Amino acid sequence: MTVHELSRRDARRIAIRAQLLDSHRPASLLDVVRRLTLLQVEPTAAVAPSADLVVWSRLGSSYAPAELVEALEDGTLMELRGMIRPAEDIALYRAEMAAWETRTGLRDWEEGQREWVLANDTCRRDILDRLDAEGPLPLSALPDTTEIPWKSTGWNDDRNVSMLLGFMVLRGEVAIAGRRGRERLFDLAERVYLDEIVPEEKALDIRNAKRLRSLGIARAQAPETSVEPADVAQVGEPAVIEGVKGAWRVDPAQLGQPFSGRAALLSPFDRLVYDRKRMVELFEFDYGLEMYKPVAKRRWGYYALPILYGDRLIGKLDATADRKARVLRVDAIHEDAPFTKAATAAVTREIKDLAHWLNLELDLPG
């Protein structure tokens, strides 16, 4: 098979088109989620929740966050392990769930998790009984009858029911059935998921293919990440990128396609920038989420939004939605290099559209 030789610009454009961030906007929320395969549930809302920001970046201010709420309520979209996915894609994970209890070759920490669940089987059964009789229910309504408390480095100490529910989701016994405000509701998986189950090996191939289609170009192998891998195994076709080490896989449907870019403001958790190593390799962009840093050590702001223009990431927007004052406050627009007049105009339009979408007045610096 031919190994495709790509420039960095070629690779960037493939990635941007695949992520629906070129000038051809998708038609609907469902189109966006099916193409991206997921929206990450991240509650920080300095500007807006990440899932909503990701959709707004693709659809613009025609998108209403109530659409996402409705899609989760009617089951068109479902939440699994912190990711919102199309309901039909849950079938690609259920064989893996069913094998959780009997899987071999686990690492020590995975064996420890399985042993902890087994040691608290009485609590697990109590939760299933309560959900069977009364579900869907929030975490606060479920009994903690664990015999051995969960211990960690500190973050999750004594969060027994929360941790157990997470493992019961991995086992395919329990599912998130919706939300009441910001509180998740749990129910028996058999009452939430569709009946279809795809065999595990086939499901992995389909998931890799969908991931490559959503990313456009990705590593065949990459370091392990939580929940959603960054690599795609051997789907697609082989590629090398000029100036970038290593082997890549490219979605052949993206090769040779025309490119027309635009300006976009991205969530810090947007899949175009989520894999920071890939972001640096393709875009040569210096960026990191700074909300966990002390104020004095921040360069770009608490929740700075990467700025895309054409096929480059060109800066960061430091903005805060002050809902009490009904203002979108722009503290700074960090230009990695001085913006052209065209870029300034396009980015300004996006900032104004963001304020319009949030139904806030815009407070620009200077």
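Close-up 1. A search of the whole structure finds 8 aromatic pairs, and Phe285 and Tyr287 form one that is stacked, at 5.9 Å centre to centre with 15° between the planes. Rings of Phe, Tyr and Trp (its six-membered ring) pair if their centres lie within 6.5 Å, and planes under 30 degrees apart count as stacked, over 60 as edge-to-face and the rest as tilted. Because this is a predicted model, local features need pLDDT of at least 70 and side-chain atom pairs count only at pLDDT 80 or more, whereas totals for chains, interfaces and linings use all residues. Residues are numbered from 1 along each chain as its sequence is written, and side-chain values use heavy atoms, with hydrogens and water left out.

**Close-up 2. An aromatic cluster and a charge over a ring.** Trp100, Trp116, Trp150 and Phe167 form one aromatic cluster. In another view, Arg271 lies over the face of Tyr274, at 4.2 Å from the ring centre; a charge sits over a ring if NZ of Lys or CZ of Arg is within 6 Å of the ring centre and within 35 degrees of the ring normal.

**Close-up 3. The largest cavity.** The structure holds 3 cavities of 30 Å³ or more, and about 70 Å³ of space lies in the largest cavity. On a 1 Å grid over the protein atoms alone, a cavity is a set of points where a 1.4 Å probe fits but cannot get out, and lining residues have an atom within 4 Å of a point. Thr37, Arg85, Asp89, Leu92, Tyr93, Arg207, Lys210, Arg211 and Glu228 line the largest cavity, and by class this lining has 2 nonpolar, 1 polar and 6 charged residues. Ala, Val, Leu, Ile, Met, Phe, Trp, Tyr, Cys and Pro count as nonpolar, Asp, Glu, Lys and Arg as charged, and the others, Gly among them, as polar. Helix H5 (91–98) and helix H10 (200–215) each supply at least two residues of the lining, and H10 gives the most, with 3 residues.

**Close-up 4. The salt bridge of Arg13 and Asp311.** Arg13 forms a salt bridge with Asp311, the closest N and O atoms being 2.8 Å apart. The pair links distant parts of the chain, 298 residues apart, with Arg13 in helix H1 (residues 8–18) and Asp311 in the loop between strand E12 (305–309) and strand E13 (312–322). Helices (H or I, at least four residues) and strands (E, at least two) are DSSP runs, numbered from the N terminus. Arg13 counts as partly exposed at 25% relative accessibility, whereas Asp311 counts as buried at 11%. A salt bridge is a side-chain nitrogen of Lys or Arg within 4 Å of a carboxyl oxygen of Asp or Glu, and by this rule the count comes to 28 salt bridges.

**Close-up 5. The salt-bridge network that includes Glu101 and Arg171.** Glu101, Asp121, Arg124, Arg125, Arg171 and Glu173 are linked in a network of salt bridges. Within the pair of Glu101 and Arg171, the closest N and O atoms are 3.5 Å apart. Glu101 is partly exposed, with a relative accessible area of 45%, whereas Arg171 counts as buried at 13%.

Note on methods:
1 Å grid on protein atoms, 1.4 Å probe; cavity = no way out; pocket = protein on both sides within 12 Å on 5 of 7 lines; lining within 4 Å. Points joined across faces, edges and corners; volume = space filled by probe spheres on them. Buried < 20%, exposed > 50% of the residue type's maximum accessible area, 1.4 Å probe, protein only.
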